[in-house]
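Visitor: Please take a close look at one part of this model, its nonpolar core, and then at the pockets. What is there to see?

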Amino acid sequence: MHKQDFTRIALAVCCTFALAAHAQGTHRSTTGLSAADAKFVHEAAMGGMEEVELGKLAQQNASNDDVKKFGSRMVDDHSKANDKLKSVAGSKGVALPTSLDSKAQGDVNKLAKSKNFDRDYMDMMVKDHKKDVADFQKQAKSGKDSDVKEFAASTLPTLQEHLKMAQDTDKTVKMAKK
């Protein structure tokens with residue numbers, strides 16, 4: 001074998017290993033989540049963190065005891081759901097946000113300054129939980145990743161309960177203000 005032939009073969013082998021390593025690394029970094037599943041996971045994490053922050057704010061700022069209790073429930077339930085989502089995301093190699101984005105932080109800041117906190121908070125909770133229920137139903141039905149689908153399906157009953165509680169508490173707040 002000539003030196004030139006040996007060099008070509010060695011180069012070809014190195015290129016093959018480099019391409020294989022790159023392909024394997026690429027496969028690991030995508031974690032197999034579809035774009036829709038990854039978007040759901042990110043939005044669920046952001047929404048959960050926002051619910052916790054808003055719930056803490058309700059515990060501090062609400063004047064109605066039912067609103068304070070609702071806020072406490074949001075902190076408890078969404079903290080548990082956030083922990084469960086962290087576990088699912090971690091098993092998929094997906095990094096979750098660690099702080100509120102500007103929109104969510106804006107919602108918290110706006111509500112903190114509200115002159116009609118109870119009504120504004122409960123209006124927000126009804127609207128948010130309607131959207132959450134719809135998003136989680138869609139994910140539970142149409143998601144691609146089985147673990148993400150299971151998270152959505154197992155969290156959905158709690159969100160449906162939150163929506164009912166939010167609607168009932170919202171009515172109570174509005175009746176009290178009349």
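Guide: In this predicted model, the largest nonpolar core consists of 37 residues. Those with the most contacts inside this core are Phe-40, Tyr-121, Met-122, Met-125 and Phe-136. Five helices, H2, H3, H4, H5 and H6, each provide at least two of the core residues, and H2 gives the largest share, 9 residues.

With its neighbours within four places in sequence set aside, Tyr-121 is in contact with Leu-54, Gly-55, Ala-58, Val-67, Phe-70, Gly-71, Met-74 and Leu-111.

The largest pocket has a volume of about 820 Å³. Its lining is made up of 33 residues, and Glu-43, Met-46, Gly-47, Gly-48 and Asp-132 are the closest to its centre. Helices H2 (35–61), H3 (65–92), H4 (102–112), H5 (117–142) and H6 (146–176) each give two or more residues to this lining. By class, the lining of the largest pocket holds 14 charged, 10 nonpolar and 9 polar residues.

The second largest pocket contains about 260 Å³ of space. Of the 13 residues that line this pocket, Ala-36, Phe-40, Asp-135, Lys-138 and Gln-139 lie nearest its centre. The elements that give two or more residues to this lining are H2 and H5. The lining of the second largest pocket divides into 7 charged, 4 polar and 2 nonpolar residues.

How values were computed:
Residues numbered from 1 in each chain as written. Predicted model: local features only at pLDDT ≥ 70, side-chain atom pairs only at ≥ 80, totals over all residues. Heavy atoms only, no water. 1 Å grid on protein atoms, 1.4 Å probe; cavity = no way out; pocket = protein on both sides within 12 Å on 5 of 7 lines; lining within 4 Å. Points joined across faces, edges and corners; volume = space filled by probe spheres on them. Helix = DSSP H or I, 4+ residues; strand = E, 2+ residues; numbered from the N terminus. Nonpolar A, V, L, I, M, F, W, Y, C, P; charged D, E, K, R; others polar. Core = buried A, V, L, I, M, F, W, Y, C linked by side-chain atoms within 4.5 Å. Buried < 20%, exposed > 50% of the residue type's maximum accessible area, 1.4 Å probe, protein only. Contact = heavy atoms within 4.5 Å.
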